[in-house]
Amino acid sequence: MTPHIAGSLRLYRREGARLEEVARLDGVTNHVIGSRDLDLGRISDIDGDGAPEIVLPSLDRLRLVAVSFAGGSGRIVASVPLPAPLIRLEPMNDAWAVVHLQDRRTLTVDLKRS
């Protein structure tokens with residue numbers, strides 16, 4: 001929902017013919033303002049427990065976070081600060097993420113060590 005303004009990640013469940021919101025977490029985004037792409041989120045099992053987390057940047061794109069919806073509520077389970085705003089997130093391999101930053105740097109970060 002309004003990814004670069006409100007920064008709200010919402011989890012829905014299908015209930016018959018409708019979708020029902022079951023959890024939400026504000027302060028994150030999957031979008032760079034001005035872009036049509038909503039592609040800054042990834043799914044990966046960060047902690048190796050078999051339940052995948054959603055990995056995406058904070059609303060200001062200066063942190064990379066992993067969000068778990070285990071137990072029915074959204075909570076940040078890992079967070080890594082970034083030295084410049086994130087503009088691209090590569091496909092993930094477990095807890096390792098390759099991020100491309102606005103200042104043209106590319107970094108590899110380990111969300112397990114956060």
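Predicted model: local features only at pLDDT ≥ 70, side-chain atom pairs only at ≥ 80, totals over all residues.
Trainee: Where should I start? Which residues have the most contacts inside the largest nonpolar core?

Mentor: Start with Ile46, Val55, Leu64, Leu82, Leu86, Val99 and Leu111, which have the most contacts inside that core. The core has 19 residues.

Trainee: Which elements give two or more residues to this core?

Mentor: They are strand 5 (63-68), strand 6 (75-81), strand 7 (86-89) and strand 8 (96-101). Strand 8 provides the largest share, three residues.

Trainee: What does Val99 touch, leaving out residues up to four places away in sequence?

Mentor: On that count, Val99 touches Leu64, Leu82, Leu86, Arg88, Leu89, Arg105, Thr106 and Leu107. Of these, Leu64, Leu82 and Leu86 are also listed with the most contacts inside the largest core.

Trainee: Let us turn to the strands. How many bridges pair strand 5 and strand 6, and in which sense?

Mentor: Six bridges pair strand 5 with strand 6, in the antiparallel sense. As an example, Leu64 has Val80 in strand 6 as its bridge partner.

Trainee: What about the hairpin of strand 5 and strand 6; which residue there takes a positive phi?

Mentor: Gly71 does, with a phi near 85 degrees. The hairpin has six residues between the strands.

Trainee: And the open sheet: in what order do its three strands come?

Mentor: The order is 7-8-9, and the pairing is antiparallel. Strand 7 and strand 9 (106-110) each have a single partner strand, so one side of each is left without a neighbour in the sheet. Neighbouring strands of this sheet are turned by 35 degrees against each other on average, direction ignored.

Trainee: How many bridges join strand 8 to strand 9?

Mentor: Five bridges join these antiparallel strands. Within this part of the structure, Ala97 stands opposite Val109 in strand 9.

Trainee: A change of topic: where is Ser58 found?

Mentor: Ser58 is in the loop between strand 4 (53-57) and strand 5.

Trainee: Is Ser58 buried or exposed?

Mentor: Ser58 has a relative accessible area of 9%. The limit for buried is under 20%, so Ser58 counts as buried.

Trainee: Which residues does Ser58 touch, not counting those up to four places away in sequence?

Mentor: Gly27, Val28, Thr29 and Arg63 are the residues that Ser58 touches on that count.

Trainee: Now the charged pairs. How many salt bridges does a search of the whole structure find?

Mentor: The search finds six salt bridges. One of them links Arg24 to Asp26, where the closest N and O atoms are 3.6 Å apart. Arg24 is partly exposed at 40% relative accessibility, and Asp26 is partly exposed at 48%.

Trainee: What is the N to O distance between Glu90 and Arg88?

Mentor: The distance is 2.4 Å, and the side chains meet in a salt bridge. Glu90 is partly exposed, with a relative accessible area of 24%, while Arg88 is partly exposed at 43%.

Trainee: With which residue does Asp110 form a salt bridge?

Mentor: Asp110 forms a salt bridge with Arg113, with the closest N and O atoms 3.3 Å apart. At 14% relative accessibility Asp110 counts as buried, whereas Arg113 counts as exposed at 73%.

Trainee: In which strand is Asp110 found?

Mentor: Asp110 is found in strand 9. The side chain of Asp110 also reaches the backbone nitrogen of Lys112 at 3.0 Å.

Trainee: What is in contact with Asp110, leaving aside its neighbours within four places in sequence?

Mentor: Val80, Ala95 and Trp96 are in contact with Asp110. Val80 has already come up, as the bridge partner of Leu64 in strand 6.

Conventions
Residues numbered from 1 in each chain as written. Heavy atoms only, no water. Core = buried A, V, L, I, M, F, W, Y, C linked by side-chain atoms within 4.5 Å. Buried < 20%, exposed > 50% of the residue type's maximum accessible area, 1.4 Å probe, protein only. Helix = DSSP H or I, 4+ residues; strand = E, 2+ residues; numbered from the N terminus. Contact = heavy atoms within 4.5 Å. Pairing = 2+ DSSP bridges. Axes fitted to C-alpha atoms, helices over the stretch in contact; angles between N-to-C directions. Salt bridge = Lys/Arg side-chain N within 4 Å of Asp/Glu carboxyl O. Polar contact = N/O pair within 3.5 Å; in protein donor to acceptor, adjacent residues only side chain to side chain.
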